[in-house]
Amino acid sequence: MSSSRYGPDSGTGGMGTPRALLLIKLAFRARYPSIDLEVSGVRTESWIWAPRVLEASGRVVAVVSPSPMMAVLARSSYSAAAVALVALALVSAVAGEVFFQEKFDDGWEDRWVKSEWKKEDGTAGEWNHTSGSWSGDAQDKGIQTSEDYRFYAISAQYPEFSNKDKTLVLQFSVKHEQKLDCGGGYVKLLGGDVDQKKFGGETPYSIMFGPDICGYSTKKVHAILTKYGKNNLIKKEVPCETDQLTHVYTFVLRPDATYSILIDNVEKQTGSVYDDWDILPAKKIRDPDAKKPEDWEDSEYIPDPEDKKPEGYDDIPKEVTDPDATKPEDWDEEEDGEWTAPTIPNPDYKGPWTQKKIKNPNYKGKWKAPLIDNPEFKDDPYIYSFDSLKHIGIELWQVKSGTLFDNILITDDPEYAKKLAEETWGKHKDAEKAAFDEAEKKKLEEESANSTDDEKDDASDDEEDDDADINTASDVETKDDSAVEKPQQASADEKVEEISKDASEKKDEL
């Protein structure tokens with residue numbers, strides 16, 4: 001079965017899904033290898049498999065209630081430890097639910113809809129199904145942007161759900177093989193009212209998450225929550241990876257309105273939705289009616305009362321007569337006026353007097369109006385949740401193509417997400433790095449070889465140019481010799497003209 005499907009027949013998760021039942025069987029078999037455990041289940045309207053009956057070697061060993069408080073009833077001679085083990089495995093297995101999972105294996109095009117957005121103006125890019133130019137596993141393919149200066153838009157649908165009162169985990173891997181200089185690598189979660197054929201940049205979304213790179217200034221992870229009709233950007237900076245290898249981005253939203261952002265299973269940022277997004281008005285504001293007390297000392301330094309201005313300080317002139325100046329010997333007072341000696345800066349003048357300052361013993365700090373409850377604030381206990389999540393989309397613009405998406409996951413189980421990341425990215429990262437290094441080595445060798453060929457071509461061109469210059473010089477010399485050997489003789493008419501001209505000039509002189 002394809003791991004990208006969902007629901008009872010998908011094998012991708014959910015409370016008591018086949019994945020969970022398989023875990024139960026594996027746990028039981030590890031403890032009791034001689035017992036053949038069978039698990040049956042019933043399908044419910046909410047796309048949940050609820051395990052009810054557990055059989056071992058043809059006997060019913062336990063009946064498990066689908067409710068969170070599971071009751072385990074032993075009905076065989078097997079030890080209570082066996083039943084407890086099964087119950088424990090079941091509790092662990094049904095803890096999470098997978099709403100969507102995509103590995104882009106065979107049939108992926110049947111699950112995804114390529115948007116017709118930007119097709120009319122010829123700027124819609126095409127996706128390639130590939131593992132890329134280097135990978136840790138050539139069979140592990142994703143979808144990759146393939147054309148420069150293009151818009152990309154593609155989406156998939158899953159059963160509608162709400163993350164109200166539950167954890168939401170959005171995770172995917174992305175690789176920028178092109179050494180991205182400007183473009184996005186993010187995904188979007190959207191509601192139910194989406195025309196997938198028209199999905200594009202203006203389509204409303206609930207969550208946008210992933211790396212964005214453009215030039216030197218933008219190299220960050222976007223985490224945008226759309227609430228009350230507004231796209232709210234996270235206020236904290238979360239740097240993204242900028243190399244050409246695969247990285248896993250994970251966004252976790254919890255029912256207590258806390259969140260975490262992970263890259264390669266390492267937490268890079270965490271906090272509260274209340275604090276790190278401006279979704280709601282501030283809970284507290286400064287009291288607009290508050291006034292600073294008259295006796296409030298907000299000057300950190302005050303003049304030193306002990307510091308007095310010296311007597312006669314203001315009488316010190318800025319400039320004084322230059323004592324070394326003398327009247328020039330040729331100074332004529334009748335013509336030049338009375339001589340006065342020039343002035344120079346007074347070395348005793350220290351500028352305007354300023355009183356020294358000391359620490360204010362009564363300093364209380366800068367006054368701020370006290371905080372009061374904001375009358376505009378109205379709490380939203382479900383600030384983290386979205387009533388309708390039904391589509392996932394990739395919509396972006398890329399100057400240079402080559403971004404590859406893979407292993408997309410939407411679940412309520414952070415541990416399952418971590419495990420999936422390790423089984424995919426973690427398993428292949430070293431091999432991918434080795435493949436990348438080999439590709440870079442080959443690229444450098446080719447560039448070096450091309451550079452050598454270019455140098456040889458340039459040298460050959462220079463030699464040809466030198467030969468051409470020599471031949472040209474030889475031709476010039478031959479022509480010059482010919483001109484020396486056979487000088488042109490002036491015609492009789494030219495001589496007559498010159499004589500007439502000279503005569504005319506002489507006549508003018510006379």
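A: Asp 193 counts as exposed because its relative accessibility is 80% (exposed is over 50% relative accessible area, buried under 20%, partly exposed in between, with a 1.4 Å probe and protein chains only). The model is predicted, so local features need pLDDT of at least 70 and side-chain atom pairs pLDDT 80 or more, while totals for chains, interfaces and linings use all residues. Residues are numbered from 1 along each chain as its sequence is written, and side-chain values use heavy atoms, leaving out hydrogens and water.

Asp 193 sits in the loop between strand 12 (187-190) and strand 13 (207-214). Strands are DSSP runs of E, at least two residues, numbered from the N terminus.

Now the rings. The whole structure holds 19 aromatic pairs (Phe, Tyr or Trp rings, six-membered for Trp, with centres within 6.5 Å; stacked under 30 degrees, edge-to-face over 60, the rest tilted). Phe 104 and Trp 108 are edge-to-face, because their planes meet at 70°, with centres 5.8 Å apart. Phe 104 is buried, at 1% relative accessible area. Trp 108 is buried too, at 4%.

Phe 209 and Phe 251 make a stacked pair: 5.2 Å between centres, 20° between planes. This pair links distant parts of the chain, 42 residues apart. Phe 209 lies in strand 13, and Phe 251 in strand 16 (residues 246-253). Phe 209 is buried at 0%. Phe 251 is buried at 2%.

Both belong to one aromatic cluster.

Note on methods
Helices (H or I, at least four residues) and strands (E, at least two) are DSSP runs, numbered from the N terminus.
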